[in-house]
Amino acid sequence: MVDFSKKRVRGRRMKRKVGIIGLGLLGGSLAKGLAKYTDYEVIGYARRPEICEAALVDKVVARAYTDPKQVVAEADILVFALPPDTNARLFEELAPLIRPRTLITDVSSTKTNFAGTVKQHLPEGAKFVSIHPMAGSEKGGYDMAKADLFKNCTWIVLEDDVKDGWDAEAAAELAQMGKLLGSRVECIPMSVHDGFMATISHMPHTVASMIATIAGGDEYGDLRLRLAAGGFRDVTRVAGGNPHMWREIITGNRDEVVRALSDLEKQISIIKNLLLTADDDTLELYLSNAKQIRDKFSLL
């Protein structure tokens with residue numbers, strides 16, 4: 001175990017300490033963004049010593065540790081930035097060490113497992129407000145992290161129907177954090193989050209993987225891929241993401257992803273029927289309606 005606690009970044013005195021558990025793409029980008037655009041003091045945990053060292057060299061953390069317990073001991077705001085199931089397991093382990101009044105949050109793309117674990121083990125006096133910055137890349141890791149990753153993205157702050165640990169003032173602070181990083185803040189209930197994500201993120205990822213498999217998974221695959229252009233590249237981009245991470249995300253939202261895939265099957269049946277019945281006018285209307293929805297998204 002390597003202790004980087006004595007390695008400090010010179011600079012102005014910070015107001016509050018944000019401890020980031022996991023310095024990958026999202027956690028590393030959050031550290032870089034907070035260091036660049038806010039006066040929070042950032043401390044971080046990474047399993048690998050070289051990541052701790054890189055974050056210190058980049059001057060995005062004041063201290064970096066390979067033991068998350070040391071981050072917990074110092075942080076006023078504790079951000080879990082590992083994959084959802086890993087976040088849940090680690091939170092259960094660290095919960096007895098979390099101080100009263102600590103604000104706990106996470107950047108997971110699914111919430112059910114982690115939020116359930118937090119509510120089960122939340123220390124008395126601690127607060128829990130979950131967030132979900134809708135930013136990322138098919139390429140992960142600290143090396144891909146950047147301070148402006150959250151600029152112009154949607155920064156979701158979750159409102160919890162179950163009030164144990166949820167705090168409006170803490171939610172407002174996390175919303176302001178998103179604004180300082182250049183994000184557009186949206187507040188939605190925790191109860192609808194995973195269903196929304198299944199439709200707009202997790203199911204589309206599985207579809208991208210399906211399309212990539214259909215195009216490149218047989219003896220003609222290499223030839224097809226050489227012929228493919230921008231449309232194929234755009235629709236399959238997310239299939240290039242980390243398979244282990246995405247397996248955890250998709251299975252962590254299993255029921256909602258199955259529901260979203262069932263919705264997709266209904267739409268496939270509609271298109272197949274229009275083609276089989278040669279109802280070309282209705283097909284054009286379907287495509288026109290879809291275009292209007294996509295155009296609306298571009299303007300939001």
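Me: Which residue caps the N-terminal end of H6?
Reply: Asp 167 does, with a side-chain oxygen 3.1 Å from the backbone nitrogen of Glu 169. Bear in mind that this is a predicted model, where local features need pLDDT of at least 70, side-chain atom pairs count only at pLDDT 80 or more, and totals for chains, interfaces and linings use all residues. Residues are numbered from 1 along each chain as its sequence is written, and side-chain values use heavy atoms, with hydrogens and water left out.
Me: OK, and how many residues does H6 have?
Reply: H6 has 13, residues 168–180, and spans 18 Å from its first C-alpha to its last, close to the 18 Å expected at 1.5 Å a residue. That expected span is 1.5 Å times one less than the number of residues. Helices here are DSSP runs of H or I with at least four residues, strands are E runs of at least two, and both are numbered from the N terminus.
Me: Which residues of H6 are buried?
Reply: Ala 170, Ala 171, Leu 174, Ala 175, Met 177 and Gly 178. They line one face of the helix, because seen down the axis of H6 they fall within an arc of 155°, taken from the directions from the helix axis to the C-beta atoms. Buried means under 20% relative accessible area, exposed over 50%, and partly exposed in between (1.4 Å probe, protein chains only).
Me: What's exposed on the other side of H6?
Reply: Ala 168, Glu 169 and Lys 179. Just after H6, Gly 182 takes a positive phi of about 90°.
Me: Switching to aromatics: how many pairs are there?
Reply: Five aromatic pairs, counting Phe, Tyr and Trp rings (the six-membered one for Trp) with centres within 6.5 Å; planes under 30 degrees apart are stacked, over 60 edge-to-face, the rest tilted. Phe 80 and Phe 91 are edge-to-face, since their centres are 5.7 Å apart and their planes at 70°.
Me: Where do Phe 80 and Phe 91 lie?
Reply: Phe 80 is in strand E4 (residues 77–80) and Phe 91 in helix H4 (residues 84–94), so the pair ties together parts eleven residues apart in sequence.

Methods:
Polar contact = N/O pair within 3.5 Å; in protein donor to acceptor, adjacent residues only side chain to side chain.
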